[in-house]
Amino acid sequence: SYFLSFTFYLLFSTYGPLFLQPAEEIGEVPVGPWRGARARPVDHAGSQQKEGHADLLRRASIMEETGLIDVEARYPGVDTAALTADLQKEGKAVIASAHDFSRTPSEEERNELLERLLATGADVLKLAVMPLSAQDVTDLLSWTEKKTRELDRPLITMSMGDLGKISRVSGKLTGSALTFGTVSGASAPGQIPVGQLRAILAQLV
C-alpha cells in the first residue's frame, strides 16, 4: 500500500525561491502554495515497492497542488528518465533522488550516482546517505561544495541520522539547495522539526 508523503520543504537561499512551501496550514505553521509528493510504502520509510509506483507519481503530477515531485532514480523496473519527462510535461519540477540507508558511498560511487541522476533529466538532484563516522559527514559536505560549483542545476545532499544533522542546516556553506523540516513524523532519520529548523536557519543564513 502507498500514500503520498507531503513533506514540509524549506529552502536555503543558495538558489533563491526554487519552490514554495505546502499549500495549507498544518497546526499553527503557515505555509505557501506548493506541495511536494513522494511515493513510499507506509511501513518502511526510504524503501519502495515496485507495484504502482510510477502510476502514483503520474497521478500526483495532475494535481494542481503538486509542484515538486521526488523520484527515486534507482527504483527497480522503472524507466526514471521516461517517468521524469512525463511529470515535467504536466508542468511539475522533478527531484531525482538516490538514497543509501546503510552507508556513505565512496567519492567514486557518489560521482557515478550523480551521473545517473543527471541522466534522468530531472530539474534537481538529491543524494541522501547514512554516515557511519564523522568523516563520512565532512566528506559529503566537502564533496557537495565542490559539485555545486560544477553543476548546471541545484543539488541537495544530506547525511541522515543524528550524526548527519549538521548537513541539514549547512546548505548556505556547501551549496545544498534544499532542506526538509517535519511537521509530524519524520520520513527519514535525522529530519528536524520545522520550528527548530527555522530557528537554526535564522541564526545561520
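Buried means under 20% relative accessible area, exposed over 50%, and partly exposed in between (1.4 Å probe, protein chains only). This is a predicted model, where local features need pLDDT of at least 70, side-chain atom pairs count only at pLDDT 80 or more, and totals for chains, interfaces and linings use all residues. Residues are numbered from 1 along each chain as its sequence is written, and side-chain values use heavy atoms, leaving out hydrogens and water.

**Lys 92**
- Look for Lys 92 in the loop between helix 2 (80-89) and strand 5 (93-100); helices (H or I, at least four residues) and strands (E, at least two) are DSSP runs, numbered from the N terminus.
- Lys 92 is buried but has no salt bridge, and Glu 90, the nearest side chain of opposite charge, is 6.7 Å away.
- A salt bridge needs a side-chain nitrogen of Lys or Arg within 4 Å of a carboxyl oxygen of Asp or Glu; Lys and Arg count as positive, Asp and Glu as negative, while His and the chain ends are not counted.

**Helix 2**
- Thr 80, Leu 83, Thr 84 and Leu 87 are the buried residues of helix 2.
- These residues lie on the same side of helix 2, because they cover an arc of only 100° around the axis, taken from the directions from the helix axis to the C-beta atoms.
- After helix 2 comes Gly 91, with a positive phi near 85°.

**Strand 5**
- Eight of the eight residues of strand 5 are buried, so this strand is largely enclosed by the rest of the structure.
- Ala 93, Ile 95, Ser 97 and His 99 point one way from strand 5, and Val 94, Ala 96, Ala 98 and Asp 100 the other way.
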